[in-house]
Amino acid sequence: MSSTEKLARWRLRAAALTVWYLRLLALLNLVAVLAVPFRHQVQHHNEGEFFTPYLLTAGLTSVVLSLALAVAMRRRKRAAWIFNTALSGFFAVLYVAAMTLPEFRQHPFNYFSTALTVLFFLACLVGRREFISKGDPSNPKTGVAAVIGGLAFGGVVGGFLVQLTNTISGAGFWDRFTYAFFRMVTLQPSDHAMDVISVPTWVNAFINAMGAVLFLLVIWVAFRSPRGQELLCPEDEVRLRELLDRQGERDSLGYFALRRDKAVIFSPSGKAAVSYRVVGGVSLASGDPIGDPEAWPGAIEGWLAEAREHAWVPAVMGASEEAGVIYARHGLDALELGDEAIVELDEFSLDGRAMRVVRQAYNRVKRAGYTVRVRRHEDIPEAEMAELVEKADHWRDGATERGFSMALGRLGDPGDGRCVMLECHDSAGELQALLSFVPWGDKGLSLDLMRRARDTENGLMEFMVIELLQGSKQVELERVSLNFAMFRSVFERGSKLGAGPVLRLWRSVLGFFSRWWQIESLYRANAKYRPIWEPRYLLFQKSSEIPRIGIASARAEGFITAPSLPALFRRRHVRSAGPAEGGMPVAERSGKG
């Protein structure tokens with residue numbers, strides 16, 4: 001092993017040591033909060049001629065602070081390293097200086113505290129090159145604002161509780177405010193405040209908890225990762241479209257990389273790209289990389305490097321098996337997410353017993369007088385397109401726009417002229433439903449949006465899809481990607497004879513949640529067309545990050561709406577609004593995924 005490799009290994013060990021020290025301190029502080037004898041021992045060793053190791057204070061605030069710092073150091077946040085190095089360095093110098101005095105040297109525990117603090121400080125120095133993750137430039141300002149605002153708010157609320165529960169008279173507003181203020185930061189209130197204020201234990205506990213929440217907010221604001229660039233700039237969109245023109249037939253989800261709330265990283269050769277969006281500290285890519293597979297590794301490496309630089313968690317939704325193999329070579333693991341339903345036109349037919357139910361529904365709707373018109377978006381006059389967009393918005397189920405990995409997020413944009421629109425009219429000529437598909441290479445389409453009026457005929461969507469499949473020559477069609485069926489294999493295998501108890505239980509759980517999220521109904525709707533099932537995967541680095549990735553995915557798809565913070569804490573990093581500005585209104589896809 002070379003000296004460079006040895007040094008790199010020591011840096012990794014030192015960085016890991018800082019994380020484990022902070023985790024241990026968080027545990028010890030929590031034990032001290034819960035166990036009165038241990039708390040008294042820690043408090044005793046923090047007074048007079050004693051001192052404790054770095055961050056050991058037996059306070060709830062210290063629990064939150066130690067744990068938050070451990071998380072930030074594990075993610076290699078540079079700001080957390082600066083904070084710990086500066087603070088532990090200060091205490092290390094202070095303790096070493098104190099040990100030159102005889103009154104401090106006579107206590108063996110002080111040697112232990114000094115050794116641990118100095119060791120932590122040295123580990124920070126040795127591992128400094130491992131902490132490369134950048135924070136947001138606005139973090140210091142918002143952190144200071146959070147401290148000032150949080151302490152002021154906590155002081156007022158705590159002072160109000162003191163006023164309601166104080167059993168001693170004579171305390172003024174300033175006494176009550178300072179009492180709550182010092183209780184929040186786990187400092188001893190002034191002697192005057194203690195003489196005129198006596199409150200129940202639960203009030204002090206509540207004020208201490210407010211202090212812990214404040215510290216948690218400050219740490220989150222100070223160390224949070226930047227959100228990244230959220231809009232696709234026009235130059236990058238042009239380059240992506242060029243890659244799709246050459247390699248777009250490889251992935252049915254490729255066109256969705258043109259969503260303008262995604263950023264993009266190109267390979268050094270410019271022949272491949274990864275599109276992604278940062279949600280809650282997760283760098284969320286979708287589908288396969290765009291472009292030449294030989295250039296995929298360069299784009300993936302660039303995407304992962306940016307994630308490491310900003311302490312983002314990398315994840316991919318809906319990758320194919322081919323892309324999953326390439327991602328796995330770069331350290332990502334795979335979990336089968338579900339299957340995509342693909343209909344090959346040369347194999348599709350309404351004949352046969354297996355298609356009897358679909359055939360009957362199709363014939364029933366057709367006899368009712370419904371007709372379907374199929375056109376490219378570029379062939380629809382602007383005024384007509386505006387009416388279609390208005391209808392789609394009106395039929396949208398709910399105010400939240402949904403879709404990310406398998407939805408374009410807009411309708412009627414001039415740049416999407418090759419998209420295909422299906423318009424379904426009833427016997428009176430009234431528009432009752434819309435389907436919109438994005439291009440999948442030159443000979444394929446991928447479902448983007450499904451909308452219909454509430455009181456339409458059952459089977460209307462099946463009728464429209466079959467009309468498209470049977471009239472494929474109008475748009476030179478060979479294959480169509482329909483809905484994505486999450487956990488499709490569970491429903492299929494779980495209903496068969498001989499399915500094991502675990503599989504049956506898993507199928508029952510998914511069936512229960514299908515009441516709200518249409519998991520099983522989407523599978524059933526897809527299976528009607530006898531499609532080819534193409535598996536899609538969730539890719540991740542660590543299993544422990546799957547819950548966080550799941551929440552980020554649900555937020556990106558629109559199933560979870562994060563509560564908005566006050567304008568003081570809002571941030572937005574935007575490069576360009578792209579060519580979508582001034583375009584037609586956005587309409588949400590409600591059928592795919």
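Ring pairs link Tyr21, Phe51, Tyr54, Phe90, Phe91, Tyr95, Phe104 and Phe120 into a cluster. The model is predicted. In total, the structure holds 13 aromatic pairs. One of them joins Phe51 and Tyr95, whose rings are stacked. Their centres lie 4.2 Å apart, with 20 degrees between the planes. Phe51 sits in the loop between α2 (36-44) and α3 (60-74), whereas Tyr95 belongs to helix α4 (residues 78-98), so the pair ties together parts that are 44 residues apart in sequence. Both Phe51 and Tyr95 are buried.

Two arginines are placed over aromatic rings. Arg23 lies over the face of Trp20, at 4.6 Å from the ring centre. Arg76 takes a position over the face of Phe131, and here the distance to the ring centre is 5.4 Å.

The protein as a whole has 20 helices and 12 strands. Its chain comprises 593 residues, of which 50% are buried. Among contacts with a separation of 6 or more, 77% are between residues 24 or more positions apart.

In soluble globular proteins, nonpolar side chains tend to be buried together. The largest nonpolar core in the model contains 35 residues. Within this core, Leu422, Leu435 and Phe437 touch the most other members. At least two core residues come from each of β6 (333-344), α14 (356-367), β7 (371-376), β8 (420-425), β9 (431-440), β10 (444-452), α16 (460-470) and β11 (479-486). Helix α16 supplies the largest share, eight residues.

With residues up to four places away in sequence left out, Phe437 touches Cys419, Val420, Leu422, Leu445, Ser446, Leu447, Asp448, Leu468, Val480 and Leu482. A second core is separate and has 31 residues. Its members include Leu243, Phe256, Val264 and Phe266.

Strand β5 (residues 313-319) is mostly covered, with seven of its seven residues buried. This strand pairs with two others, β3 and β12. Strand β3 (residues 282-286) runs parallel to β5, and five bridges join them. Leu284 has Ala315 of β5 as its bridge partner. Strand β12 (residues 532-540) runs antiparallel to β5, with three bridges between them. Here the bridge partner of Val316 is Leu539 in β12.

Asn166 and Val199 are separated by 33 residues in sequence, yet their C-alpha atoms are 4.9 Å apart in space. Beyond its neighbours within four places in sequence, Asn166 is in contact with Ala171, Val196, Ile197, Ser198 and Val199. The side chain of Asn166 also reaches the backbone oxygen of Val196, at 3.0 Å.

Methods. Residues numbered from 1 in each chain as written. Predicted model: local features only at pLDDT ≥ 70, side-chain atom pairs only at ≥ 80, totals over all residues. Heavy atoms only, no water. Buried < 20%, exposed > 50% of the residue type's maximum accessible area, 1.4 Å probe, protein only. Helix = DSSP H or I, 4+ residues; strand = E, 2+ residues; numbered from the N terminus. Pairing = 2+ DSSP bridges. Core = buried A, V, L, I, M, F, W, Y, C linked by side-chain atoms within 4.5 Å. Contact = heavy atoms within 4.5 Å. Phe/Tyr/Trp six-rings, centres within 6.5 Å; stacked < 30°, edge-to-face > 60°. Lys NZ or Arg CZ within 6 Å of the ring centre and 35° of its normal. Polar contact = N/O pair within 3.5 Å; in protein donor to acceptor, adjacent residues only side chain to side chain.
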